[in-house]
There are 2 protein chains.
Amino acid sequence: MGDALPQPVLIVGTGLLGTSLGLALRRHDVEVLLVDRNPENLRTATGLGAGRAYDGPDSGPDVGLVVVAVPPDHVAEEIDRALSTTDAVVTDVGSVKTAPLTALADHEGLARYAGGHPMAGSERSGPLAATPTIFDGRPWAVTPHATSSDAATAAVEELARLAGASIVRLSPGEHDAAVARTSHLPHLLSVLVAGRLVDAPPEHLALSGQGVRDVTRVAGGDPGLWQQIVTGNADAVAGLLAQVREQLDVLIDAVDRGDRGQLGAILELGVAGTRAIPGKHGGPTRPMASVFVSVPDHPGELARLFADAGASDVNIEDVRIDHDPARETGLVEIVVDETRADHLHDSLGSRGWETHR
Amino acid sequence: MGDALPQPVLIVGTGLLGTSLGLALRRHDVEVLLVDRNPENLRTATGLGAGRAYDGPDSGPDVGLVVVAVPPDHVAEEIDRALSTTDAVVTDVGSVKTAPLTALADHEGLARYAGGHPMAGSERSGPLAATPTIFDGRPWAVTPHATSSDAATAAVEELARLAGASIVRLSPGEHDAAVARTSHLPHLLSVLVAGRLVDAPPEHLALSGQGVRDVTRVAGGDPGLWQQIVTGNADAVAGLLAQVREQLDVLIDAVDRGDRGQLGAILELGVAGTRAIPGKHGGPTRPMASVFVSVPDHPGELARLFADAGASDVNIEDVRIDHDPARETGLVEIVVDETRADHLHDSLGSRGWETHR
């Protein structure tokens with residue numbers, strides 16, 4: 001594999017994504033060179049086997065592909081440097097695609113650049129959090145611009161494929177509109193909900209259930225990174241925030257007037273939105289159902305449960321565990337294809353588990 | 001057990017919560033009577049063993065406790081009926097506490113009423129979704145008003161205890177402020193995010209990751225029920241929506257002006273909010289960490305993984321499975337106490353699993 005990939009690949013930036021990409025490419029024996037302003041990160045990444053340190057253009061064969069994997073604020077300058085100092089195809093893994101392109105508009109080598117954005121990440125950062133499997137089955141947006149060469153686009157797509165990702169081809173503008181909607185807006189509204197919890201009396205927060213935990217989880221992400229992402233995609237984000245403000249005004253008016261029709265219309269739109277999200281990994285959405293099982297709160301019981309679930313020949317789509325340290329018991333939610341839920345429920349019940357749908 | 005609980009208990013409404021409560025009380029041999037306007041639901045609930053059908057006041061001993069478990073719109077009238085037709089203590093399990101109390105303000109029997117609200121539910125509804133374990137370890141807000149008798153409050157707390165819940169005592173007003181913040185506001189903002197997905201091109205939605213799925217999950221809830229909840233708690237919800245609107249304006253301004261300081265302050269407040277949420281079941285928040293494991297996508301492997309995790313003597317706090325139908329492989333995230341994550345990682349690694357932190 002890897003025949004179509006221009007080599008060696010130079011990865012600029014050995015944080016979580018850069019190092020993970022190096023590890024993923026090394027699985028296919030791609031020649032990977034690494035560079036980072038931070039010598040400690042570079043040492044860690046090479047030590048993990050993500051590639052070898054790059055000593056500059058005189059030290060070996062010409063670089064075939066440069067992957068810029070630095071924080072959003074520095075993406076444009078590193079693409080510029082790569083286009084100016086090499087003849088390689090250049091791509092990046094940044095969260096925003098239009099802003100760096102605008103900054104590079106006059107660069108004579110721009111045909112050699114095609115952007116990319118793997119939808120992969122973690123709450124952790126840095127090379128020690130890296131893993132070659134981080135891209136497995138995830139969407140990787142490939143975003144050629146109007147003058148990207150076919151060779152540049154093909155190289156970036158081959159890179160995404162070798163990393164194990166699923167390619168989603170979008171223009172830079174479409175990409176930025178898409179992530180504004182599916183990532184940046186959800187993040188910012190999650191932040192607004194979480195922000196309202198700060199001044200709450202602890203006895204009020206004692207009523208927190210799974211809903212508020214889910215809605216606010218992403219709000220815990222690194223503010224420094226999100227500052228760069230949001231300001232880098234300001235136009236698309238601002239457009240959606242304006243729409244939300246308009247809807248919020250309608251909602252406030254409906255609540256003030258007790259207008260159930262208006263409130264219902266907004267709530268129905270939300271339901272429709274949740275149904276618009278495709279299944280994980282872009283597959284078709286299949287209807288899922290949950291089977292709940294009461295499990296004594298020690299590790300052996302969970303193993304026994306999954307052994308019994310396995311013997312039921314049902315594919316488990318998701319699992320949630322909600323257990324209570326005070327009670328030595330837990331509730332395990334097993335999510336399966338809707339058509340298999342009754343079977344799993346009965347099968348576990350016949351094996352002595354306390355289950356319910 | 002159950003000595004302190006006035007019996008028999010009459011449950012008015014055999015939906016998810018009423019039927020689940022009957023099943024939970026029957027575990028302790030509490031005498032449970034059931035009534036519902038819908039004869040089919042009542043038949044189902046009695047058939048499940050949640051109690052026996054109530055034939056009216058002449059058919060047996062005086063009712064000791066009435067639990068109103070009907071949709072929010074009908075709570076006040078059913079409390080009124082119970083106070084007027086019995087000498088029993090009366091409570092309810094509704095999501096909103098001030099509005100029914102206001103409607104009942106002049107009732108001469110009001111001292112016999114003390115409200116309640118178990119923080120338990122499901123995306124499913126009706127008696128067939130019922131389970132006796134639904135309240136296990138969940139908060140149950142007990143909300144006596146200014147003139148509730150001590151006996152009424154004690155009876156409601158005993159009810160919550162027998163159902164397996166953890167009691168959180170709040171005034172009706174505090175309760176409504178608390179759920180506005182921890183449940184109703186998160187729901188409505190989740191709805192606004194989800195509503196923005198409806199018109200998105202499918203290729204944009206292909207970039208949806210776990211973040212937007214988490215933020216929008218609750219937006220899929222029943223619009224008819226949420227209409228009643230939100231309008232029933234309109235004052236508290238309106239106050240928080242006004243605060244969010246103010247913050248949203250600050251956010252929009254920060255994005256428009258590229259004001260990173262202002263944006264950063266909002267993002268930091270969100271991080272602080274996520275940290276304010278107590279651990280599940282109100283316990284102290286312990287720092288958690290995740291270990292990721294690549295698992296071949298068939299049931300036996302998952303059982304083997306949990307057997308190995310069990311042998312590592314690490315208590316599993318949560319599990320998420322992210323698998324890719326197209327690739328026959330999955331990524332399992334195992335959440336454990338931060339101090340045990342390295343041990344689990346190493347232990348699973350030594351058993352041949354491909355793991356990372």
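Guide: Before we start, two residues count as in contact if their C-beta atoms, placed from the backbone, lie within 7 Å. This is a predicted model, where local features need pLDDT of at least 70, side-chain atom pairs count only at pLDDT 80 or more, and totals for chains, interfaces and linings use all residues. Residues are numbered from 1 along each chain as its sequence is written, while chains are lettered from A and ligands numbered from 1 in the order in which they are written.

Visitor: OK, what do the buried residues of α1(A) pack against?

Guide: They pack against β1 (9-12), β2 (32-35), α2 (39-48), β4 (65-68), β6 (115-118) and α5 (150-163) of chain A. Helices (H or I, at least four residues) and strands (E, at least two) are DSSP runs, numbered from the N terminus.

Visitor: And how many residues of α1 in chain A are buried?

Guide: Ten of the eleven in residues 16-26, among them A:Leu16, A:Gly18 and A:Leu25. Buried means 20 or more other C-beta atoms within 10 Å of a residue's own, with C-beta atoms placed from the backbone.

Visitor: Switching topic: what rotation superposes chain A on chain B?

Guide: One of 180 degrees, with 0.0 Å of shift along its axis and RMSD 0.0 Å, fitted by least squares on the C-alpha atoms of residues with pLDDT of at least 70 in both copies. The two copies are therefore related as by a two-fold rotation axis. In chain A, the C-alpha nearest that axis belongs to A:Val215, 2.0 Å away.

Visitor: What follows α10(B)?

Guide: B:Gly258, with a positive phi near 60 degrees.

Note on methods. Buried ≥ 20, exposed ≤ 12 C-beta atoms within 10 Å, placed from the backbone.
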